[in-house]
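This briefing accompanies the sequence and structure shown below. Its points are grouped by topic.

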Amino acid sequence: MKRRDFLGTAGAGALLTGGVLSGCGQESTPEKAASAAPEETIEWKMVTTWPKNFPGLGTGANNLARLIGEMSGGRLKVKVYGAKELVPPFEVFDAVSSGTAEMGHGAAYYWKGKSEAAQFFAAVPFGMTAQEMNAWLYYGGGMELWEEVYAPFGVVPAAAGNSGLQMGGWFNKEINGVADLQGLKMRIPGLGGEVLKRAGGTPVNLPGGEIFTSLQSGTIDATEWVGPYNDLAFGLYKAAQYYYYPGWHEPGTTIECMYNRQAFEALPADLQSIVSSACRVANADMLAEYTARNNTALQTLVNEHNVDVREFPRPVLDKLRTISEEVVAEIAAQDALSAKVYESYQTFRKQVVAWHDISERTYLNVRGG
Ligand code: CA
């Protein structure tokens with residue numbers, strides 16, 4: 001009954017505080033409890049661009065909300081809303097900006113309508129990998145620039161996951177040379193789509209839910225989605241013959257969490273740190289999950305579904321890279337801040353490529369199967 005007495009003394013707030021409960025041992029005294037309490041419970045809404053519980057991305061949002069709840073001992077509770085549950089997917093940024101929701105989960109390239117520079121914080125064709133993106137964001141000045149880009153909207157960004165290198169996509173025609181891109185109707189959004197267009201193709205933007213039937217009916221010739229883990233879940237192998245790699249257009253897409261600045265600044269300092277730290281944990285965790293699950297999903301696609309996995313021919317990749325450099329450089333011409341972000345990204349990319357050429361690239365080439 002000692003425990004009950006303790007809770008009665010500490011007040012109802014302590015019931016929600018795992019840290020206080022777990023510290024309730026023999027040595028605990030009411031005096032100690034009084035200094036740790038009372039606590040108020042704060043409830044936040046997290047709106048997401050993903051379908052509820054969507055593997056990897058939606059579950060990544062759930063994971064982040066769970067971490068914040070656990071790390072705060074229940075003082076900050078985050079309720080996750082899937083796409084369309086509270087707002088449509090592409091209104092997530094505005095919902096966080098206006099305070100309709102305190103928190104959002106998506107990818108920064110969705111917000112290029114707010115700033116062209118936002119795209120650098122998600123994925124750039126032939127740009128940095130997941131490991132390199134994290135290095136730039138945390139130790140290369142990227143995070144400060146991302147904050148600057150979102151600041152006029154009262155939104156604070158954080159990296160909260162990464163898909164790793166994606167796949168080039170599912171094709172119903174062989175890609176043997178640059179000429180095969182002519183007239184290719186492919187679902188590929190964003191900068192990658194613009195690159196395909198300039199290479200002679202026809203990019204189409206379709207929401208995830210329409211991809212399968214469009215590919216199966218021949219409305220489109222090809223589609224990219226994510227990688228083996230998500231593509232297997234969508235059943236795309238039933239609608240296309242060839243599975244090409246690498247995902248030149250999304251070499252390591254950063255998934256973001258963002259919060260309303262006023263709501264964030266109203267939190268006590270320890271909860272602010274918990275939110276930031278939980279994002280950092282979620283960021284590392286999602287990449288680990290994708291790396292692990294893509295392996296097993298690829299085995300299933302090849303061994304159980306006889307998928308024809310092919311590498312894009314080198315001349316095709318060379319052509320796409322040349323066009324990508326032009327497309328990405330054009331973002332820099334949009335405004336002063338975009339130019340500043342482009343400069344930082346390109347400088348870091350150049351340096352990290354020099355390092356990874358003698359480290360990662362050399363090692364991957366020699367380590368064998
Ligand atoms: Ca993709």
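Val309 counts as partly exposed because its relative accessibility is 30%; buried means under 20% relative accessible area, exposed over 50%, and partly exposed in between (1.4 Å probe, protein chains only). This is a predicted model, in which local features need pLDDT of at least 70, side-chain atom pairs count only at pLDDT 80 or more, and totals for chains, interfaces and linings use all residues. Residues are numbered from 1 along each chain as its sequence is written, and side-chain values use heavy atoms, with hydrogens and water left out.

**Surface patch**
- Val309 lies in strand β11 (residues 308-311); strands (E, at least two residues) and helices (H or I, at least four) are DSSP runs, numbered from the N terminus.
- Together with Tyr245 and Val302, Val309 forms a nonpolar surface patch of about 190 Å² accessible area.

**Calcium site**
- The calcium ion has as protein donors Gln166 (OE1), Glu224 (OE), Glu224 (OE), Trp225 (O) and Glu250 (OE), at 2.2 to 2.9 Å; donors are N, O and S atoms within 2.8 Å of the metal (3.2 Å for Na, K and Ca), and sites may look incomplete, since water is not among the atoms.
- Gln166, in the loop between β4 and β5 (169-171), and Trp225, in the loop between β8 (222-223) and α10 (228-234), are 59 residues apart and link distant parts of the chain.
- Gln166 and Trp225 are both buried.

**Helix α4**
- Among the buried residues of α4 are Leu64, Leu67 and Ile68.
- Just after α4, Gly73 adopts a positive phi of about 60°.

Definitions and conventions:
Patch = residues over 30% accessible without salt bridge, like charges linked within 9 Å, V, L, I, M, F, W, Y side chains within 5 Å. Areas by Shrake-Rupley, 256 points an atom, 1.4 Å probe, with all protein chains shown as cover. Salt bridge = Lys/Arg side-chain N within 4 Å of Asp/Glu carboxyl O.
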